[in-house]
Amino acid sequence: GDLAVYFAAVPLAMCVPFDLDYRPDLHPVGAQAISQMIEAWSAGDFQKLWVYQRGNWFVVSDDYIPLFAALRGLPDYVPCWVLGRPDSDLIRDVQGPIAPEEVPKLLGLA
């Protein structure tokens, strides 16, 4: 089936990890990757999180390194690709849906 993908600025406080016990910041390799992500963001190279909405929350199922980097800097909003149309008055700059043929490029598959 098809699932529409949208871009939105989602409040960081609404982004939750799928696995609450996974802590890449506690492993040396994960901590290094988080630091590198923060450096990239400082240079203006922002990675968007892939999320899906579950109730009031936006679940981050794979992008733990950028999520933990954001948690260090505590921005109000983070740029996200949202699977499915987001339904919250708290998110900003909703755009989309993204053309289906563009989604493989967003995933790095094309």
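1. Burial. Of the 110 residues of the chain, 33% count as buried. Buried means under 20% relative accessible area, exposed means over 50%, and partly exposed lies in between (1.4 Å probe, protein chains only). This is a predicted model, in which local features need pLDDT of at least 70 and side-chain atom pairs count only at pLDDT 80 or more, while totals for chains, interfaces and linings use all residues. Residues are numbered from 1 along each chain as its sequence is written, and side-chain values use heavy atoms, with hydrogens and water left out.

2. Fold outline. The chain has three helices and six strands. Their order from the N terminus is β-β-α-β-β-α-β-β-α. The radius of gyration is 14 Å, close to the 13 Å that the globule rule gives for 110 residues, so the chain is as compact as a globular protein of that length. That radius is taken over C-alpha atoms, and the rule is 2.2 Å times the number of residues to the power 0.38. Helices (H or I, at least four residues) and strands (E, at least two) are DSSP runs, numbered from the N terminus.

3. Extent and contacts. Along the principal axes, the C-alpha atoms fill a box of roughly 40 × 30 × 25 Å. Take the contacts between residues at least 6 apart in sequence: 81% of them join residues at least 24 apart. Contact means heavy atoms within 4.5 Å.

4. Surface and charge. The accessible surface comes to about 6900 Å² (Shrake-Rupley method, 1.4 Å probe). Carbon and sulfur atoms hold 54% of that surface. The chain carries 7 positive and 14 negative side chains. The centres of the two sets lie 2 Å apart. Lys and Arg count as positive, Asp and Glu as negative; His and the chain ends are not counted. Each charge is placed at NZ of Lys, CZ of Arg, CG of Asp or CD of Glu.

5. Cysteines. The structure holds zero disulfides (a disulfide is a pair of cysteine sulfur atoms within 2.5 Å). For Cys 15, the closest cysteine sulfur is in Cys 80, 4.5 Å away and too far for a bond. Cys 15 is buried, at 8% relative accessible area. Cys 80 is also buried, at 0%.

6. Helix H2. This helix covers residues 64-73. Its buried residues are Tyr 64, Pro 66, Leu 67, Phe 68, Ala 69 and Ala 70. They pack against strand S2 (15-17), helix H1 (28-42), strand S3 (49-54), strand S4 (57-60) and strand S5 (77-83).

7. After H2. Leu 74 follows the helix and sits in the loop between H2 and S5. Its phi is near 50 degrees, a positive value in a residue other than glycine. Leu 74 is exposed, with a relative accessible area of 57%.

8. Strand S6. Asp 93 lies in this strand. Phi of Asp 93 is near 55 degrees, again positive in a residue other than glycine. Asp 93 is exposed at 53%. Val 94 belongs to S6 too (residues 92-95), but is partly exposed at 37%. Leaving out residues up to four places away in sequence, Val 94 touches Tyr 6, Phe 7, Ala 8, Arg 85 and Pro 86.

9. Cis peptide. The bond from Gly 96 to Pro 97 is cis, with omega near 15 degrees. Pro 97 is in the loop between S6 and helix H3 (103-106).
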